[in-house]
Protein chains: 2
Amino acid sequence: MNGAVDLPLGQAELTFTAAGDALVRRSVLPSGVRVLSEQVPGSRSVTVGFWVAVGSRDERHAQGEIPATYGSTHFLEHLLFKGTAERTALDIAISFDAVGGEHNALTAKEYTCYYAKVQDRDLPMAIGVLADMFTSSVLDPVEFDNERGVILEELSMAGDDPADVANERFFSAVLGEHPLGRPIGGDPDTIRAATREAVWAHYRENYRPQDLVVTVAGAVDHDLLVGELERALTRAGWRLDVAAPPVERRSTDTATLEPGPAVTVVPRPTEQVNLLLGVPGLVATDERRSVMSVLNTVFGSGMSSRLFQQVRERRGLAYSVYSYAPAYSDAGVFGMYAGCAPAKAGTVAALMRTELERVAEHGITPDELRRAAGQLGGASALALEDSDTRMSRLGRSELTLGEFADLDEALRRIALVTVDDVQALAQDLVSRPFSLVAVGAIDEAAVQGAVDLTAPTSDVA
Amino acid sequence: MNGAVDLPLGQAELTFTAAGDALVRRSVLPSGVRVLSEQVPGSRSVTVGFWVAVGSRDERHAQGEIPATYGSTHFLEHLLFKGTAERTALDIAISFDAVGGEHNALTAKEYTCYYAKVQDRDLPMAIGVLADMFTSSVLDPVEFDNERGVILEELSMAGDDPADVANERFFSAVLGEHPLGRPIGGDPDTIRAATREAVWAHYRENYRPQDLVVTVAGAVDHDLLVGELERALTRAGWRLDVAAPPVERRSTDTATLEPGPAVTVVPRPTEQVNLLLGVPGLVATDERRSVMSVLNTVFGSGMSSRLFQQVRERRGLAYSVYSYAPAYSDAGVFGMYAGCAPAKAGTVAALMRTELERVAEHGITPDELRRAAGQLGGASALALEDSDTRMSRLGRSELTLGEFADLDEALRRIALVTVDDVQALAQDLVSRPFSLVAVGAIDEAAVQGAVDLTAPTSDVA
């Protein structure tokens, strides 16, 4: 393959090749259902995902008497496992367990995905069960209340994980009131208040033929796949021959953000402080995404990265330390994480910021650039051995990006990145408003004294 | 392959096949170094591990003035990344990062393993760096003190994870004073007291040619591998032509246990209580290991399992609930885990025990038995797609079991399991002393009232 392949919503059929001689095919059915497959030579397993482009960011604020629907996307995801007209929850569980398949779902900020990984012979079963769950969930009221309890426990588990708490608070600090800043699962109050009617309405609005994207990677034949899927969806009562207009992808115009507080301290009687320091990042379609990949790799990914060397190797201040750069359609985040002793939190936060300033002032070396390209290429090649990785890359390409860039194309883009590009991006990042979140046994003054987030950047390095 | 292949310590060369037409070869060099490879057709990646059969259980108690060496195995594992005569810590990190490899180490209760997953072309590099780390670490005193800080942070991180705390306490409750009952990483006091001299002695005693087992799976040629390894080890000054007697494997006689307290409550101001209830299990070589696999699958593995159905699906009492059955050379554990609301902890613990009693009284159904076989077979087939899984199975076969059973053989053993075998094992388990651990905002009386661990089993179901 040369270059990226566009995925126009209106085009019925597309065929191209991807890394490792994989054959990618895409069919858009008249009803708007999109089916993408990546047939990987030699693969014996297959991963299938049923996607919709609806996530926590799409949930409604409270409006007068009508309560917020925060968490309803994730609630619905749980309920799809709880039974259809044809299958009980136990039937669904047995279908996948009996063949040793992996079977789960993921609610994210911008999409929801139901997936299964099975041996090739079990693909028709997986398609049948996932299609039934997707189209014909009954949302039984008794199951609804049981599942409310399960979700409250899931939120409690996350609430007991200080790194998870820090991450949620960090998103809300960096993104402010933007819907991407909210936690995916809602909160205990919105889950306690959730009604079956609201979740049912959400289901009917967002799980239509034109919303469904099915991606499959591994040992798959596209024509057989489309046939199986059509049979399963028709059986559920879907009219696949009725034309529906394509659902537009989300806007990728960068949102204007009003960041939250510069410093957030969540007191916890834990041994470590979980620290996150960062700024708004890039959107998923930003042309500098490859530059961000290089910067994030050199700066905070792997044992040879600057953060790891400065914070852990040279000073022994943390066990876990890294940076990350999640990107969404109209906003993104660049964050630096460390778990450290409360007495060292100020030092660690200052080190993180200083190191980022150093890249902004002095750039990275040609050697670091070369290594980052090798690291990104090698890691991608290893990841593509798993059909899960390919299935999910197909989904994100279709839902968010509107283009498919295979490994060669991704590496070509990385190879074009220069040390100047990386320095320019770091300069851009350090000019953005910083947010700091600390979860642990620490008070606000201690953190603020160490890192003056209002100081002009030139004073820091 | 038919049946299991014995791995006699004295036999220099062995060749056989494994699942997916993989070719397994084993060479025992005159010096006692053991090399096992599994060449998987079509694989482009390769995972390599350097193993020694020394883990936390082998550490020394305090003896008079000499402090305990708890945590020194894990400390040494960290230090092997910190530099040799030829390579700094940064050099080691760069070697793997520059090719996008995964690269880490694992200290367990009975072994330590240093491993890397890379693309096929990078195997010689991986062998060279791992061999240098294994043979020629300098344990620099400055690095030693820096790393002490890193390990203290790692222990703090684990201490902040209530599920981790519950697991550590559970092992010590079930196994009592047995060395397998101790935490792998030591504790802050033993880490603060650790001296370079003690760790150096540990290194010299346990990392000799006759201790080293190298296992490699994926895109590997055995003869080239042995050649690379011999060159790397010779370069480090090892005499590979000097014969050393084979190191005997650990005794697999089941140890006599003196379990700790029946109920352990660790108060924590967390939202959930992390509960573990269980009994001593089977040793790794027990002939009923396949029966245990079936029991654990039916009882607590997957969404269709009894625990998941009873605790989560029907009652919504937990998000995470499962059973597990880790096995070691002379002891094992069978445990049931759930995270739940403090007010429900008694109910959940009682449910767990009642469900296990129910299997002991009434057995499992033929349908459950059949599904468990499918689940174990399918899950193993999917797992064997990863060279990591194969590499680590080779290591455990060589170090602990002394035999290699491939997928077909494992499935043949599972197919021989009967419903009576499973019921008999459950009866055996419920006759053993139960231990309950609860980490969370709960008091001992509340738990003890709900589950009388001293009651005879027949009163409970």
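1. Two strands are said to pair when DSSP finds at least two bridges between them. Keep that in mind as you look at this predicted model. In chain B, E2(B) and strand E3 (residues 22–28) pair in the antiparallel sense, over 6 bridges.

2. Now step back to the whole sheet. Chain B has an open sheet of 7 strands, in the order E2-E3-E4-E8-E5-E7-E6, and the pairing is mixed. Which strands stand at the edges? They are strand E2 (13–18) and strand E6 (102–107) of chain B; each has a single partner strand, so one side of each has no neighbour in the sheet. On average, neighbouring strands are turned by 15 degrees against each other, direction ignored.

3. A helix joins the picture here. Helix H13 (residues 387–401) of chain B packs on the sheet and touches strands E4 (34–39), E5 (45–52), E7 (112–119) and E8 (213–218) of chain B. The direction of H13 makes about 150 degrees with that of E8(B).

4. Next, the two chains together. Chain A is superposed on chain B by a rotation of 180 degrees with 0.0 Å of shift along the axis (RMSD 0.0 Å). That is the relation of a two-fold axis. The copies meet through the same surface, because 100% of the interface residues of chain A are also interface residues in chain B.

5. Finally, the contact itself: 55 residues of chain A are in contact with 55 residues of chain B. On the side of chain A that touches chain B, H4(A) gives the largest share, 10 residues. By class, that side has 20 nonpolar, 21 polar and 14 charged residues.

Terms used: Residues numbered from 1 in each chain as written. Chains lettered and ligands numbered in written order. Predicted model: local features only at pLDDT ≥ 70, side-chain atom pairs only at ≥ 80, totals over all residues. Helix = DSSP H or I, 4+ residues; strand = E, 2+ residues; numbered from the N terminus. Axes fitted to C-alpha atoms, helices over the stretch in contact; angles between N-to-C directions. Contact = placed C-beta atoms within 7 Å. Least-squares fit on C-alpha atoms with pLDDT ≥ 70 in both. Nonpolar A, V, L, I, M, F, W, Y, C, P; charged D, E, K, R; others polar.
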